[in-house]
Amino acid sequence: MRRNQIWISIVAIIAVLSLIGCSGSKPGEGADGGEGGGKQLRQLMPFDRFEPNGDAVAQYLKEKTGYSVKYEMLPAENADEKLNLLMANKEAYDILKLAPAQYYQLVSSGALEPLDDVIEKYGANMKQVIGSDSWEGARYEGKTYAIPETGGGSGTASYALVVRQDWLDELNLKAPTNLDEFVTVLRAFKEKKNVIPLTGGKVPVHPDIASVFGLTTAWLERDGTIIHSVEAPEMKEYLSFMSMLYKEGLIDSEWGINTADKSIEKVASGKAAMYSPGWWVAPNLVNALAKNFPEAKLEIVPVLKDKNGVARVGSAGNTINYFIAVPKFAKHKEEAVKWLDMKFDKYIFKGIAIGEEGVHHKFENGVYTPIMPKFADDRSNASAFLTGVDEKNYPIYWQARLKKNPVVEGYFATFQKNAEGLLVIDPMSAAPPIPDISKNVQRLNKYQEDTFINFISGTEPLDNYDQFLAEWRAQGGEEMVKAANEWYAKR
């Protein structure tokens, strides 16, 4: 099966390479084939649950920049396959907003346009507000192929366990502080409430549990060198612990197939007691539970400590969340970069992020606060329209975005407070695309995910871990680790 996946990826890349070339266009021809004086562009975005072309931000950008942009989204399922097909067919997009793995695949296959010259000519605003580390992260083999979109800030805590506090009270239990107490609570939920003690899944390395074993991030620094977390001796201990939980029925039997929405549904319907949501989806969980069980109460569990009383919270750091790229065959490369740079104008960018003062937000005592419901009506989807951020000011503007929902604000604040002084940043967070990592990481992550699910569920014995690790190294893991260390030594 893995061999078939590898050949599918190779065929997709060959198709992209074979079809890449200069495509002629008439002067002034718009992205849709009409006459637009170069003012019509077409952008491909990640999937989201709204219609972008009718959104208030899209209209705002059209008014402020003078460009008419047609926004299209990748599908929710099989997005990477769809992207490969669009690129192979030379679909006439001018701008791509890509997730990191998508960017790595396209840039390494030669599907993207190098932007150094055009950014030098037309990118005055973006060069001023995006930091040098971020630009370095968008370089590939010495050239800039994308505008980096970071969160504009330092690392944060993204996930934390939440628990049905009303059930803890009913069972006369306290929130767990370490793994022994965690197991005790899970067993009590199973035996006395007859529910799923902990739901979750899909990603087999559970951040709140793995961190107790010192597995905070995908890459780890050990004695001045970089290892991948699969190479850490603690990984086998973690998998053994998770396998024990699975065998005892303390974690969801559907761990290998659950989606985030499915896990939230199980908590909200009273079928599960604990889950680890990202702070941004907390309203979905809280509101659905309150609708079904108005008296139910959720609480955020403090960070679990290891046997030495040490707690850790992994963070990817101020990583690049998206890469804003231009396809090699785009018809309006210069116009695309001109438009992207206009979005970094300090007034236009602020308008994208938080709208108009006195209409969408107010500024009092140094704090931005949303004016509801206008802010929610016009700026709820604003982040989807970002194509890079003003790294100095966006974290300040973000105050208003955070405050638009009290649940989001509360969960975010509590996650950060609980993680204060405990953050461990991924040592590779500032690394640029590295060819030997880029070409292997997506495939090896999938191999790791599938195999770890098998280890946890018991369909493959953990005694085979060394065999998995040898295969992981042979299939490109050794190349990745070597390349990571070469970058780390010269950083």
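Let's start at Pro373, which is found in the loop between β16 and α16 (374-379); helices (H or I, at least four residues) and strands (E, at least two) are DSSP runs, numbered from the N terminus. The peptide bond that leads from Met372 into Pro373 is cis, with omega near 5°. Most peptide bonds are trans, and most residues other than glycine have a negative phi.

A word on the model itself: it is predicted, so local features need pLDDT of at least 70 and side-chain atom pairs count only at pLDDT 80 or more, while totals for chains, interfaces and linings use all residues. Residues are numbered from 1 along each chain as its sequence is written, and side-chain values use heavy atoms, with hydrogens and water left out.

Staying with β16, its partner is strand β15 (residues 361-364), which runs antiparallel to β16 and is joined to it by four bridges; strands pair if DSSP finds at least two bridges between them. Lys362 stands opposite Thr369 in β16. The two strands form a hairpin with two residues between them, and Asn365 in the turn has a positive phi of about 55°.

Positive phi values turn up in other loops too. Glu141 has a phi near 50° and lies in the loop between β4 (139-140) and β5 (143-144). Asn194 has a phi near 55°, and its place is in the loop between α9 and β8 (196-198). Glu141 is exposed, with a relative accessible area of 62%, and Asn194 counts as exposed at 69%. Here exposed means over 50% relative accessible area, buried under 20%, and partly exposed in between (1.4 Å probe, protein chains only).

Now for the rings. The structure holds 27 aromatic pairs: rings of Phe, Tyr and Trp (its six-membered ring) pair if their centres lie within 6.5 Å, with planes under 30 degrees apart counted as stacked, over 60 as edge-to-face and the rest as tilted. Tyr368 and Tyr397 make an edge-to-face pair, 5.6 Å centre to centre with 85° between the planes. Because Tyr368 lies in strand β16 (residues 367-370) and Tyr397 in helix α17 (residues 394-403), this pair ties together parts that are 29 residues apart in sequence. Both Tyr368 and Tyr397 are buried. Phe455 and Tyr465 form a tilted pair, at 5.8 Å centre to centre and 40° between the planes. Phe455 belongs to helix α19 (residues 435-457) and Tyr465 to helix α20 (residues 465-490). Elsewhere, ring pairs link Tyr159, Trp279, Trp280, Trp398 and Phe412 into a cluster.

Tyr465 also leads us into the largest nonpolar core: of its 83 residues, Tyr103, Phe182, Phe189, Met274 and Tyr465 touch the most other members. Such a core is a set of buried Ala, Val, Leu, Ile, Met, Phe, Trp, Tyr and Cys residues joined through side-chain atoms within 4.5 Å. The helix that gives the most to this core is α20, with ten residues. Leaving aside neighbours within four places in sequence, Phe182 is in contact (heavy atoms within 4.5 Å) with residues including Leu161, Phe241, Leu245 and Met274.

Phe241 and Leu245 are also among the buried residues of α11, which are covered by elements including α9 (179-193), α10 (207-210), α19 and α20. Just after α11, Gly249 takes a positive phi of about 75°.
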